[in-house]
Amino acid sequence: MLVDTGLQGSPRHVCHHRQSEGGCADCKVRPISVCSVLTLPELEELESLSQHLVLEKGHALFGQDEPAGYVYNVIEGALRLTRLLPDGRRQVMGFALPGDFLGLALQDRFSVSAEALTSVKTCRFERRAFTGLVQAKPHLLRSLHDRAGYELTLAQDQMLLLGRRTAEEKVASFLLSLRERYARTGRTSVTLELPMGRQDMADHLGLTIETVSRMLTRLDRQHAVLLVPGGVRLLDLAKLEGLSAN
């Protein structure tokens, strides 16, 4: 049964599940998530702490500076992670995809906002209960460390992207990075879905929306990609990789 949580007026719904069909053992992102290291009995223990939460496109999972009382495992959909600067400017810090864990940082409040770019389904855990489970299961802690290392690599790649690459290289690198992240979830189509808009890409890459549009058009004219509704088709990976490596 879906129950309206009533949080901040957003149409967020929670489904309490207990070892039911569609639970943790059947979760389609389990192979790529931190919980992949758990045995079936341990998954039942994890499931007893969890809630399924469904979020509609355009609504916030959590906001910047809100108390960080929960952690979230993204099961379906995509979210935009943003931070507002003191002068009101917006920086898109990244995009959360299936298999990603959100809210694991040590701060008491969220440092970013997480907004749904599509319909999103997550598994939500009360933070203190999840922390207690992690402390009791060293292999789960190691899995979280591995995830933290992966996210650190993404952050380092983003620093290089912002500081040392041209606009064309930034866009090419972004497309290839997104392709690699989709591949981790088993999505290997040559057509790359772009749930984020041009402005989101611009705010993520440190460019203007006009520059992002111009670079995508240039790549299209070079037959490296084909612009299609809702995304791009990657036609020449070698060309994109060559741009990304420059």
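## Charges over aromatic rings

In this predicted model, R187 lies over the face of Y182, at 4.0 Å from the ring centre. A further arrangement of this kind involves R124, which is placed over the face of Y70 at 4.2 Å from the ring centre. The ring of Y70 also belongs to an aromatic cluster, whose members are F62, Y70, Y72 and F110.

## Aromatic pairs

A pair of aromatic rings is described by the distance of the centres and the angle of the planes. Across the whole structure, the search for such pairs returns seven. One of them joins F62 and F110, which are stacked, with 3.8 Å centre to centre and 15 degrees between the planes. F62 belongs to strand β4 (residues 60–62), whereas F110 is in the loop between β8 (101–102) and β9 (113–116), so this pair ties together parts that are 48 residues apart in sequence. With a relative accessible area of 3%, F62 is buried; F110 is buried as well, at 7%. Both residues are members of the aromatic cluster that includes Y70 and Y72.

F101 and F125 form an aromatic pair that is also stacked, with a centre-to-centre distance of 6.3 Å and 10 degrees between the planes. This pair links distant parts of the chain, as F101 lies in strand β8 and F125 in strand β10 (residues 120–126), 24 residues apart. The relative accessible area of F101 is 5%; because the cut-off for buried is under 20%, F101 counts as buried. F125, at 3% relative accessibility, likewise counts as buried.

## Packing of helices α5 and α6

Two packed helices are described by the angle between their axes and the distance between the axes. For helix α5 (residues 198–205) and helix α6 (residues 209–221), the axes come within 8 Å and cross at roughly 105 degrees. Angles of 65 to 115 degrees count as roughly perpendicular, and α5 and α6 are therefore roughly perpendicular to each other.

The contact is made by R198, Q199, M201 and A202 on the α5 side, which meet I209, V212, S213 and L216 of α6. Classified by residue type, this contact of α5 with α6 comprises five nonpolar, two polar and one charged residues.

Notes
Residues are numbered from 1 along each chain as its sequence is written. This is a predicted model: local features need pLDDT of at least 70, side-chain atom pairs count only at pLDDT 80 or more; totals for chains, interfaces and linings use all residues. Side-chain values use heavy atoms; hydrogens and water are left out. Axes are lines fitted to C-alpha atoms, for helices over the stretch in contact, and angles run from 0 to 180 degrees between N-to-C directions. Helices (H or I, at least four residues) and strands (E, at least two) are DSSP runs, numbered from the N terminus. Angles under 35 degrees count as roughly parallel, over 145 as roughly antiparallel, 65 to 115 as roughly perpendicular and the rest as oblique. Contact means heavy atoms within 4.5 Å. Ala, Val, Leu, Ile, Met, Phe, Trp, Tyr, Cys and Pro count as nonpolar, Asp, Glu, Lys and Arg as charged, and the others, Gly among them, as polar. Rings of Phe, Tyr and Trp (its six-membered ring) pair if their centres lie within 6.5 Å; planes under 30 degrees apart count as stacked, over 60 as edge-to-face and the rest as tilted. Buried means under 20% relative accessible area, exposed over 50%, partly exposed in between (1.4 Å probe, protein chains only). A charge sits over a ring if NZ of Lys or CZ of Arg is within 6 Å of the ring centre and within 35 degrees of the ring normal.
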